[in-house]
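Have the structure open as you read.

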Amino acid sequence: MKSVDQHLADVLSVVHALSPIDLQLAETHGCVLAEEVHAPAPLPAFDNSAMDGYAVRAADLVGAATDKPVSLAVVGDVMAGSWQAEGVSAGSSVRIMTGAPVPGGADAVVPVEWTDGGLANVVIRRAPPPGNYIRRAGEDVRAGEVVARRGGVVHATRLALLAAVGRDHALVHPKPRVVVVSTGDEVVEPGQPPRPGQIYDANGYALTALVAEAGGDAYRAGIVSDDADRLVAILDDHLIRADLVITSGGVSVGERDVVKKALAKLGTVRFERVAMQPGMPQGFGTIGPDSTPIFCLPGNPVSALVAFEVFVRPAMARLAGRLSYTPDVVTARLLSPLSAPAGKRQYRRAELSRSDDGWVVRPSGDTGSHQLAGLAAANGLIVVDEDTTQVPTDAEVDVLVLTRAGR
Ligand code: AMP
Ligand code: MG
């Protein structure tokens with residue numbers, strides 16, 4: 001049997017970052033940058049007011065106080081988005097709004113709260129230090145400074161920064177387009193009454209959702225019966241839109257394990273036994289003219305979903321252009337003992353929570369790889385290494401955090 005680490009290494013040796021494309025800024029959301037972005041100009045681009053008030057010369061107001069107010073002429077108004085050509089000279093001021101450029105000659109802003117709010121003349125009851133409430137050009141970002149690095153994800157706040165420095169497009173790795181296919185004569189769509197022996201397609205929905213949550217563009221291609229020619233035809237149809245294909249079912253040694261039969265013939269897809277529980281049978285390779293990577297995951301839902309976390313998620317990160325991928329693993333104190341098989345890495349559904357002295361974790365009762373209820377309730381997988389068969393209460397264990405949108 002092959003080790004989990006070896007299988008992941010084999011997968012990652014085949015999967016490469018998708019070629020960068022230049023996208024409109026809004027479309028880059030969630031993608032990984034393939035360029036280093038520099039600020040073409042300083043941010044803010046000009047000195048501007050942090051308050052609604054009056055642009056003044058601080059020297060005119062030295063000593064101003066409630067009992068010693070100073071009156072200045074108001075010679076103009078400057079709004080955000082406008083530009084005051086006339087400067088502020090000694091004894092005068094310009095009414096200014098938040099975000100408006102500070103007029104020449106002024107070196108401080110007096111907020112309206114320190115004044116009588118006058119329009120022709122203003123009475124000021126407090127002396128501003130030089131620079132008061134002025135946001136200086138370049139104090140956020142200097143011209144030429146790197147604002148986003150290659151390999152960084154364009155999340156919402158990074159998008160804000162790119163827009164703020166004026167970028168309307170960026171070179172990014174596109175999101176991986178992932179096609180999900182369920183296989184099995186017995187598998188049907190939820191919503192129709194099942195005939196005896198039929199089951200609903202849990203994997204197709206779960207894998208498609210996991211792909212989307214992992215930042216991919218997910219496409220659920222539906223269910224294919226256990227017919228090798230049909231499967232090859234469906235895969236052929238969808239390859240055009242796929243950077244990655246995921247199938248579930250049909251990879252064990254059963255009579256109808258057609259995924260294995262159909263793809264083993266195509267050459268590069270290998271079906272192996274990986275030393276893990278659940279998820280032992282795993283198929284992986286490439287298909288089609290573009291050597292599109294394909295994962296053939298086991299049909300048991302828990303096995304398929306664990307395999308997604310352990311192999312597919314890192315592969316998607318690689319396709320998406322992430323420079324590195326580290327699974328989200330925390331150390332937690334075990335609240336009840338567990339046993340695990342020798343020679344296999346076990347992933348045990350569990351409920352992870354914070355306590356006063358750190359993370360604690362409780363394995364959930366059910367361990368069958370068909371049992372979904374415990375998985376749906378779990379927010380972590382306890383990882384028990386190959387050499388360990390018994391883990392006592394209070395032992396420190398590694399837990400793979402299951403990040404779930406909406407939890
Ligand atoms: P297989 O790998 O095809 O032998 O399937 C193993 C087990 O997983 C069988 O009990 C299947 O009925 C079940 N199974 C296969 N595909 C799905 C699916 N899409 N959703 C839920 N269960 C499935
Ligand atoms: Mg099957």
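## Domains

The C-alpha centres of domain 3 and domain 4 are 64 Å apart. Domain 3 covers 48-135 and domain 4 covers 329-401, with bounds that come from an automatic or database domain assignment.

A word on ground rules: this is a predicted model, where local features need pLDDT of at least 70, side-chain atom pairs count only at pLDDT 80 or more, and totals for chains, interfaces and linings use all residues. Residues are numbered from 1 along each chain as its sequence is written, chains are lettered from A and ligands numbered from 1 in the order in which they are written, and side-chain values use heavy atoms, leaving out hydrogens and water.

## Aromatic pairs

The whole structure has 3 aromatic pairs (ring centres of Phe, Tyr and Trp, its six-membered ring, within 6.5 Å; planes under 30 degrees apart are stacked, over 60 edge-to-face, the rest tilted). One of them is Trp114 with Tyr133, edge-to-face at 6.4 Å centre to centre and 65° between the planes. Trp114 is buried at 12% relative accessibility, while Tyr133 is partly exposed at 34% (buried is under 20% relative accessible area, exposed over 50%, partly exposed in between, with a 1.4 Å probe and protein chains only).

Phe284 and Phe295 make a tilted pair, 4.8 Å centre to centre with 50° between the planes. Both count as buried, Phe284 at 8% and Phe295 at 0% relative accessibility.

## Charges over rings

Arg241 puts its charged end over the Tyr219 ring, 4.5 Å from the centre (CZ of Arg or NZ of Lys within 6 Å of the ring centre and within 35 degrees of the ring normal). Likewise, the charged end of Arg354 sits over the ring of Trp359, 4.8 Å from its centre.
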